[in-house]
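Here are my notes for anyone opening this one for the first time. Have a look at the model, then read the points below alongside it.

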Amino acid sequence: MHYLDNIKIVLVETSHTGNMGSAARAMKTMGLTNLCLVNPIIKPDSQSISLAAGASDIIKNAHICSSLTQAIADCNLVIGTSARSRSLQWPNLTPKVCADKIVQQALNSKVALVFGRERVGLTNDELQKCDYHVSIPANPDYSSLNLAMSVQVLCYEIRMSMLNTQDLTSNSIEVAEVDFPTNADIERFYQHLQQTLLNTGFINANHPGQVMGRLRRLFTRAHVEQQELNILRGILTSIDKKL
């Protein structure tokens, strides 16, 4: 299905090129081909090609970005893989619900599914750039899923959701009319919001993080549409003018 090209699998600072190849193979078996590598520790090499088996084309065509911000700038939905965290409360999805959201959004806009470093995953700052987090409910006594395994599990769920969507609509898919902003637009809004709140004195220039983190969580939960974001930016601009 052509809309699967809208689904971007993003690997952040991957340490082992073999994992890139194995992840590419996991993607291709489920019909996904759009791979993005963020600041890979080692660039793709012969080992990644070898472990990709018949999916070497995905490795060869992978986009390489210098930052996660760059990789997801054109995406309207970003979901980060993460173990559940008590310190960072964020909307958390099951793999199935994650896949359903991805397939629905991919019908008319770009989506990113982000995987972190092999040993430490994604940082809190990176996770806060995501609209949702997804956790694989592995055995709590042995939850050691490697990168390619995680990619395989979630890509499988995406494929099942895609097949179910086709069955439910008898191959006639209704595209949602709602227009959502890109991640780059959302980030510009947060920068504007922080600057305005600094100007009004609502937040302390030395400690903006806690308030801004909670505001990010609030707007992420709301999953604002493009028109709603335009209204919010207009409100901030009106405050700026009064100041």
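1. Let's start with the contacts. Of the contacts in the protein with a separation of 6 or more, 84% are between residues 24 or more positions apart; contact here means heavy atoms within 4.5 Å.

2. A word on what you're looking at. This is a predicted model, where local features need pLDDT of at least 70 and side-chain atom pairs count only at pLDDT 80 or more, while totals for chains, interfaces and linings use all residues. Residues are numbered from 1 along each chain as its sequence is written, and side-chain values use heavy atoms, with hydrogens and water left out.

3. Now the overall build. The protein has ten helices and seven strands (DSSP runs numbered from the N terminus: H or I of at least four residues for helices, E of at least two for strands). Its radius of gyration is 19 Å, close to the 18 Å from the globule rule for 243 residues, so the protein is as compact as a globular protein of that length. That radius is taken over C-alpha atoms, and the rule is 2.2 Å times the number of residues to the power 0.38. Along the principal axes, the C-alpha atoms fill a box of roughly 60 × 45 × 35 Å.

4. Of the 243 residues, 45% count as buried (under 20% relative accessible area; exposed is over 50%, partly exposed is in between, with a 1.4 Å probe and protein chains only). The protein exposes about 12900 Å², and carbon and sulfur atoms supply 50% of that; the areas come from the Shrake-Rupley method with a 1.4 Å probe, and for residues only the protein chains shown count as cover.

5. Cysteines next: how many disulfides does a search of the whole structure find? The search finds zero, a disulfide being a pair of cysteine sulfur atoms within 2.5 Å. For Cys-36, the closest cysteine sulfur belongs to Cys-65 and is 3.6 Å away, which is too far for a bond. Cys-130 isn't in a disulfide either, with its nearest cysteine sulfur, in Cys-75, 10 Å away. Cys-36 is buried at 2% relative accessibility, and Cys-130 is buried at 1%.

6. Is Gly-80 buried or exposed? At 0% relative accessibility, Gly-80 counts as buried. Not counting residues up to four places away in sequence, Gly-80 touches Val-114, Leu-122, Cys-130, Tyr-132, His-133 and Val-134. Phe-115 is 35 residues from Gly-80 in sequence, yet their C-alpha atoms are 6.4 Å apart.

7. Helix 7 (residues 147-169) is worth a visit, and Tyr-156 is found there. Leaving aside neighbours within four places in sequence, Ser-161 is in contact with Ala-99, Asp-100 and Val-103. As for Tyr-156 and Glu-13, they sit 143 residues apart in sequence and 23 Å apart in space, C-alpha to C-alpha.

8. Last stop: helix 8 (residues 183-200), where you'll find His-192. His-192 counts as buried at 15% relative accessibility. Which residues does His-192 contact, leaving aside its neighbours within four places in sequence? They are Arg-233, Leu-236, Thr-237 and Asp-240.
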